[in-house]
Amino acid sequence: MENGSPKHGKLWLWFDERIGLEDIEKLAKKKEVPVHHHTIWYYFGGMTLFLFMIQVTTGILLLLYYRPSSGEAYESVQFLMTEVQFGWLVRSIHAWSANVMIFAMFIHLFSTLLERAYRAPRELTWVSGGILMALTLAFGFTGYLLPWNELAFFATRVGTEIPGVIPLIGPFVRRLLRGGDDVTGATLTRFYGIHVAVVPAIVTMVLGLHLFLVQKHGMSSPPGEEASGKPKRTMPFFPNFFLRDLVGWLCALGVLAALAAYYPAELGKKADPFQPAPIGIKPEWYFMAMFQTLKVLPSHILGIEGELLGVLGFGIIGLILVGLPFLDREGVIGKSSSRLAAAFGVLLIVYSVILTYLGYTMSPTK
């Protein structure tokens, strides 16, 4: 207001003096987003963040009624869904937003992979995104058990058995996850702590780093666009791109509302550790490819336990994904290494889709 013509109100000026709103405004206006045929894929990163915020909001509301013990967890969720006004809707939105968030995250991951957005100087942006993917899957795995229903109980028992095949550290990791030798109330309490405290704390730090790096380096253009020689087209992040991002958020919210209203989350039967596992126990869709792979592997391959080879194989795939910026040493414009990265991404997508489809269509057997 030095020139005597106030640009903002007194409240804005009050906050500007204390936290520097004008600097933030300049930064937002300075940032630009590339415009090309693949710009649509940029919106899935913001959509994943929006769905994560919905997860946090609905999760806090659920915590007001949830009791993390084997004797009260199921009943507290049942009370929430039947007695609390709109409690069923909050839980349904929380459950569906978890699935939609992971779906949007996978689209964001593979679109950035196929566009080779991990190229210098964005290596750490890619690595932090890979860590966020692992943490998001940890959210899904730990949250699945919390209602303490039959399907979640036995699926968690199967899921926590998988790391147990790893030599030396496997039994320790399995016991660490379960809080004992089997899935019990101690497992529920442990998963609750991991789900609402440990993973969110790590996600907050890694997400902050990821957003900072995206802000610092901006959004990359595909190698083909950079090599075309055409003049680069851009749009301001604020308000142009932000408003388009907001439309995507509203679309995601509409999809969530429709799914929650027409296909509300079911609670099922309360878990009974003394009952046999129901036929056809399956994990959530985002773990189905791994589950099916371990299911169809022979018991032994070349004298090595098949399940161990499967676990190690998925571990290697994860390391390759996270380490792509350092493995693709020819990550410069015009190099043929882009075909290798694209082939790896497409192969992984096709494999996961086929295994997930077979997992849901194959008849359950004992």
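How many helices and strands are there in the chain? In this predicted model, the chain contains 15 helices and four strands. Its C-alpha atoms fill a box of roughly 75 × 55 × 40 Å along the principal axes. Of the 366 residues, 39% count as buried. Among contacts between residues at least 6 apart in sequence, 78% join residues at least 24 apart.

The largest nonpolar core has 20 residues. Helices α3 (43-63), α5, α6 (123-144), α9 (185-217) and α11 each supply at least two residues of this core, and the largest share, six residues, comes from α3. Within the core, L51, F52 and V203 have the most contacts. When residues up to four places away in sequence are not counted, F52 touches M101, F139, V203 and L207. A second, separate core comprises 18 residues, including L145, A155, Y192 and L267. In general terms, nonpolar side chains tend to be buried together in soluble globular proteins.

Y66 is placed in the loop between α3 and α4. With a relative accessible area of 13%, under the 20% limit, Y66 is therefore classed as buried. Its contacts, leaving aside neighbours within four places in sequence, are with A73, S76, V77, L146, L188 and Y192. Of these contacts of Y66, Y192 is also among the residues of the second core. The C-alpha atoms of Y66 and I40 are separated by 39 Å, the two residues being 26 apart along the chain.

The packing of α4 against α5 was examined next. The axes of α4 (residues 73-82) and α5 come within 5 Å and cross at roughly 115°. On the α4 side the contact is made by V77, L80 and M81, which meet G87, W88 and R91 in α5. By class, this contact has four nonpolar residues, one polar and one charged. V77, one of the α4 residues in this contact, is also in contact with Y66.

Aromatic pairs number 19 in the model. One of them, formed by F103 and W285, is edge-to-face, with 6.4 Å centre to centre and 65° between the planes. This pair links distant parts of the chain: F103 belongs to helix α5 (residues 87-114), whereas W285 lies in the loop between α11 (237-262) and α12 (288-296), 182 residues apart. F103 has a relative accessibility of 48% and so counts as partly exposed. W285 is also partly exposed, with a relative accessible area of 24%. A further edge-to-face pair is formed by F153 and F154, at 5.0 Å centre to centre and 90° between the planes. Both F153 and F154 are buried. F103 and W285 belong to one aromatic cluster together with F106, F141, F191, Y286 and F287.

Two lysines were also considered. K31 lies over the face of F237, at 4.6 Å from the ring centre. K29 is found in helix α2 (residues 21-30) and, at 48% relative accessibility, counts as partly exposed.

Several backbone features were noted. The peptide bond from A120 to P121 is cis, with omega near 10°, and P121 is placed in the loop between α5 and α6. A cis peptide bond also joins F238 and P239, with omega about 5°; P239 lies in helix α11. Positive phi values occur at two leucines. Phi of L168 is near 70°, and this residue lies in the loop between α7 (150-161) and α8 (170-178). L302 has a positive phi of about 55° although it is not a glycine, and is found in the loop between β3 (300-301) and β4 (304-305). L168 is exposed, with a relative accessible area of 85%, and L302, at 85% relative accessibility, likewise counts as exposed.

Technical notes: Residues numbered from 1 in each chain as written. Predicted model: local features only at pLDDT ≥ 70, side-chain atom pairs only at ≥ 80, totals over all residues. Heavy atoms only, no water. Buried < 20%, exposed > 50% of the residue type's maximum accessible area, 1.4 Å probe, protein only. Phe/Tyr/Trp six-rings, centres within 6.5 Å; stacked < 30°, edge-to-face > 60°. Lys NZ or Arg CZ within 6 Å of the ring centre and 35° of its normal. Core = buried A, V, L, I, M, F, W, Y, C linked by side-chain atoms within 4.5 Å. Contact = heavy atoms within 4.5 Å. Axes fitted to C-alpha atoms, helices over the stretch in contact; angles between N-to-C directions. Nonpolar A, V, L, I, M, F, W, Y, C, P; charged D, E, K, R; others polar.
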